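This report describes selected contacts and elements of one protein chain. The sequence and structure come first, and the text follows.

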Amino acid sequence: MPDHSPSPNHHPATRIIHNRRHRDQQGSPYSPIYNTTTYRFDTTAEQLAVVKGENDGNLYTRWGTNPTIKELEQGLAQLESAQAGLAFASGMAAISATLFAHGRNGIVCVGDLYGGTQELLVNHFEPLGIPFTFLLNQQLDEMEQHLTKPGMLVYCETPANPTMAILDIADLARRTHAKGALLAVDNTFASPINQRPLELGADLVMHSATKYLAGHSDLTAGAFMSSAELAKPVAAWRKSLGQILAPEMAALLSRSLRTLHVRVRQHNENAMAVAIAMEKHPKVSRVLYPGLPDFPGHQLAKQQMHGFGGMLSIDVVGGGKAAECVEDHLQVFLLATSLGGVESLVSQPIATSHYRLTPEDRAQRGISDGLLRLSVGLEDAGDLIADLEQALDSLAE
């Protein structure tokens, strides 16, 4: 019988579709859901071998030893060219386990971060005495002076929310490693199809798998990828904090990964079409999309990305009230948080992700009151553009 296991020489799209750890006895092309919490053994010696790590068997699903979850993690690792992948119940679970495992000597955050990550650091890491520093993009030259001892962690997101600001991952990795620190990248906005930070020198990669990896707004999950050695302490924190996802969710996420390449390719194409159209509209003063030639980080994005993504932001002429009016007149775009699903979404950062920042803080980050963030979905691009145009045209002259 031919061996249909993926080869390392295959393209990632081929590897993820043919990702399987074992051949199903019933002939299914994919592994079934092992909806079980525990596993029986014939002898105490067999059980002890698994407990000691001498045998790669299954013991208890909360530990991550479940065939459905293991198969998902194998696929996640392949997507980021990593030795190891870990699946979590949410993106914040992946981030918190990573920061606990590798950030206790101090964390330097560069660029704009997801609000939940900032909340975790300020509300929980600070009371625990774990030091951290926030540096804006314009403060990157100060990074080395905050890396005061080996074993620290540099943490970033690129592209960033909601300005799509691009950070040079290879340069950050060189500077970080020169100080004996590790570089962690939240790769949610790009997805592994458009960007693979480990190949650029990063040490740790995280995703809110709820977004592009899942892609259908129907499950919550997180992902972590790294070398096998760096994954071990993260897995230990996941086990102790009880952050594993359910086998049913693992199976759904594995299903979604099999269409990730084709979905992201269409997200990229639709977002570029929307960005070009919005550049021409008189009621839009600024379009933030890495694929546009006049975007500040365009050349860098071309170097380190394989596609420019499905996220973009537009600045509506007239400020916050005008942007709110546009948002309320959209008919195809849904007014909702989150991103990366097949449906297009719109949100106003000053009312959602950056609501708690002061106007001064938002100005420092280039976030105006009139900014709208668009998660461009898989609908017909012409329909999306027409929807935005009719909503913009609703503004009074």
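A salt bridge is a side-chain nitrogen of Lys or Arg within 4 Å of a carboxyl oxygen of Asp or Glu. The model is predicted, so local features need pLDDT of at least 70 and side-chain atom pairs count only at pLDDT 80 or more, while totals for chains, interfaces and linings use all residues. Residues are numbered from 1 along each chain as its sequence is written, and side-chain values use heavy atoms, with hydrogens and water left out.

**Salt bridges**

By the salt-bridge rule the count comes to 11. Three of them are listed here.

| Pair | N to O distance |
|---|---|
| D112 and R365 | 3.2 Å |
| R196 and E199 | 3.1 Å |
| D218 and R255 | 3.5 Å |

Burial is judged by relative accessible area: buried means under 20%, exposed over 50%, and partly exposed in between (1.4 Å probe, protein chains only). Helices (H or I, at least four residues) and strands (E, at least two) are DSSP runs, numbered from the N terminus.

The side chains of D112 and R365 form a salt bridge. D112 lies in the loop between β2 and α5, and R365 in the loop between α14 (359-364) and β12, so the pair ties together parts that are 253 residues apart in sequence. Both D112 and R365 are buried.

In the pair of R196 and E199, R196 is buried because its relative accessible area is 15%, whereas E199, at 47%, is partly exposed.

D218 and R255 also meet in a salt bridge. This pair links distant parts of the chain, with D218 in the loop between β6 (204-208) and β7 (222-226) and R255 in helix α10 (residues 247-257), 37 residues apart. D218 counts as partly exposed at 38% relative accessibility, and R255 counts as partly exposed at 31%. Elsewhere, salt bridges that share partners join E144, D171, R174 and R175 into one network.

**Helix α7**

Helix α7 spans residues 169-178, and its buried residues are I169, L172, A173, R175 and T176. The elements that cover them include β2 (107-110), α6 (143-146), β4 (153-157), β5 (182-186) and α12 (298-304). Just after α7, G180 takes a positive phi of about 75°.

Two strands pair if DSSP finds at least two bridges between them. Five strands form an open sheet with mixed pairing, in the order β8-β9-β12-β11-β10. Its edge strands, β8 (284-288) and β10 (334-335), each pair on one side only. Strands β11 (residues 345-347) and β12 (residues 371-375) pair in the antiparallel sense over three bridges, and S347 stands opposite R373 in β12.

I314 is found in strand β9 (residues 311-316). I314 counts as buried because its relative accessibility is 0%. With contact meaning heavy atoms within 4.5 Å, and residues up to four places away in sequence not counted, I314 touches M278, V284, R286, V287, G370, L371, L372 and L374. The C-alpha atoms of I314 and M278 are separated by 7.5 Å, although the two residues are 36 residues apart along the chain.

**Aromatic rings**

Rings of Phe, Tyr and Trp (its six-membered ring) pair if their centres lie within 6.5 Å; planes under 30 degrees apart count as stacked, over 60 as edge-to-face and the rest as tilted. The count comes to four aromatic pairs. F100 and F125 form a tilted pair, at 4.7 Å centre to centre and 35° between the planes. F100 is in helix α4 (residues 91-102) and F125 in helix α5 (residues 115-125), 25 residues apart. Both F100 and F125 are buried. Together with W237, F100 and F125 form one aromatic cluster.
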